[in-house]
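Morning, everyone. Have a look at it first, then we start.

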Amino acid sequence: METNIKGGTRCSSIKIHRLFSICIASNAGDSDAMLMAQALERVDIRGYFDFLYTSKELGSTKPSPKFFQEIVDRIAVRPEQCVMVGNDYEKDIIPAKMTGMKTILYQKNLSSRPSLADATIRSMYELFQCLKDLDN
């Protein structure tokens, strides 16, 4: 998640939450879902996220595909119904693709490297439209 709330996260979250369920899954080893919820409450966006998981709750860490499969199992959806939005190509995009998820790579500075990502965004403001495009 983009830490700069003014950078589009709040705006995108409001729009996205109206149409999709949103899950945050973090590799933060010294955190858990409760601490994540508290951080989101401090910036007044907790209400837009339906599921919060960390590697502690999931029992595995990125880049293991098990991390992503556990999320799919817990929220009771098929991988192809999920879109992973991540900023780390190796830890987010590749294993999510291996699990069968659609993927969006968030990069402020687009690289010229070929990508397995279904889409790439440079700003969180682009996320809502990108999700709608992938959903069609």
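Let's begin at Asp44. This residue is exposed, with a relative accessible area of 56%. The cut-off for exposed is over 50%, so Asp44 qualifies. Keep in mind that this is a predicted model.

Where does Asp44 sit? Find the loop between helix H2, residues 33-42, and strand S2, residues 51-54. Asp44 is in that loop. Now look at its backbone. Phi of Asp44 is near 60°, which is positive, and Asp44 is not a glycine. Why point that out? Because most residues other than glycine have a negative phi.

There is another case to show you. Go to Ala76, in the loop between H4 and strand S3, residues 83-86. Phi of Ala76 is near 55°, again a positive value in a residue other than glycine. Is Ala76 buried or exposed? Exposed, because its relative accessible area is 66% and the cut-off is over 50%.

One more backbone feature. Look at the peptide bond from Lys62 to Pro63. It is cis, with omega near 15°. Most peptide bonds are trans. Pro63 is placed in the loop between helix H3, residues 55-58, and H4.

Now the helix pairs. Start with H4, residues 65-75, and H5, residues 89-99. Their axes come within 8 Å and cross at roughly 60°. That angle makes H4 oblique to H5. The crossing is right-handed. Which residues meet there? From H4, we have Pro65, Phe68 and Gln69. From H5, they meet Lys91, Asp92, Pro95, Ala96, Met98 and Thr99. Sorted by class, the contact of H4 with H5 has 5 nonpolar, 2 polar and 2 charged residues.

Let's stay with Thr99, in H5. Is Thr99 buried or exposed? Buried: its relative accessibility is 13%, and the cut-off is under 20%. What does Thr99 touch, leaving out residues up to four places away in sequence? The list is Pro65, Phe68, Gln69 and Pro79. For a sense of distance, take Ala39. Ala39 and Thr99 are 60 residues apart along the chain, and their C-alpha atoms are separated by 28 Å.

On to the other helix pair, H1, residues 9-19, and H6, residues 127-135. They pack at an angle of about 25°, with axes 9 Å apart. That makes H1 roughly parallel to H6. H1 brings Ser12, Lys15, Ile16 and Leu19 to the contact. H6 brings Leu127, Phe128, Leu131 and Lys132. By class, the contact of H1 with H6 has 5 nonpolar, 1 polar and 2 charged residues.

Last stop: Ser55, in helix H3. Ser55 counts as buried, because its relative accessibility is 9%. Which backbone oxygen does its side chain reach? That of Asn27, at 3.5 Å. Setting aside neighbours within four places in sequence, Ser55 is in contact with Ser26, Asn27, Ala28, Gly29, Ser60, Thr61 and Phe67.

That's the tour. Happy to take questions.

How values were computed. Residues are numbered from 1 along each chain as its sequence is written. This is a predicted model: local features need pLDDT of at least 70, side-chain atom pairs count only at pLDDT 80 or more; totals for chains, interfaces and linings use all residues. Side-chain values use heavy atoms; hydrogens and water are left out. Axes are lines fitted to C-alpha atoms, for helices over the stretch in contact, and angles run from 0 to 180 degrees between N-to-C directions. Helices (H or I, at least four residues) and strands (E, at least two) are DSSP runs, numbered from the N terminus. Angles under 35 degrees count as roughly parallel, over 145 as roughly antiparallel, 65 to 115 as roughly perpendicular and the rest as oblique. A crossing is left-handed if the near helix is turned anticlockwise from the far one by less than a right angle, and right-handed if clockwise. Contact means heavy atoms within 4.5 Å. Ala, Val, Leu, Ile, Met, Phe, Trp, Tyr, Cys and Pro count as nonpolar, Asp, Glu, Lys and Arg as charged, and the others, Gly among them, as polar. Buried means under 20% relative accessible area, exposed over 50%, partly exposed in between (1.4 Å probe, protein chains only). A polar contact is a pair of N or O atoms within 3.5 Å; within protein, one must be able to donate a hydrogen and the other to accept it, and residues adjacent in sequence count only if both atoms are side-chain atoms.
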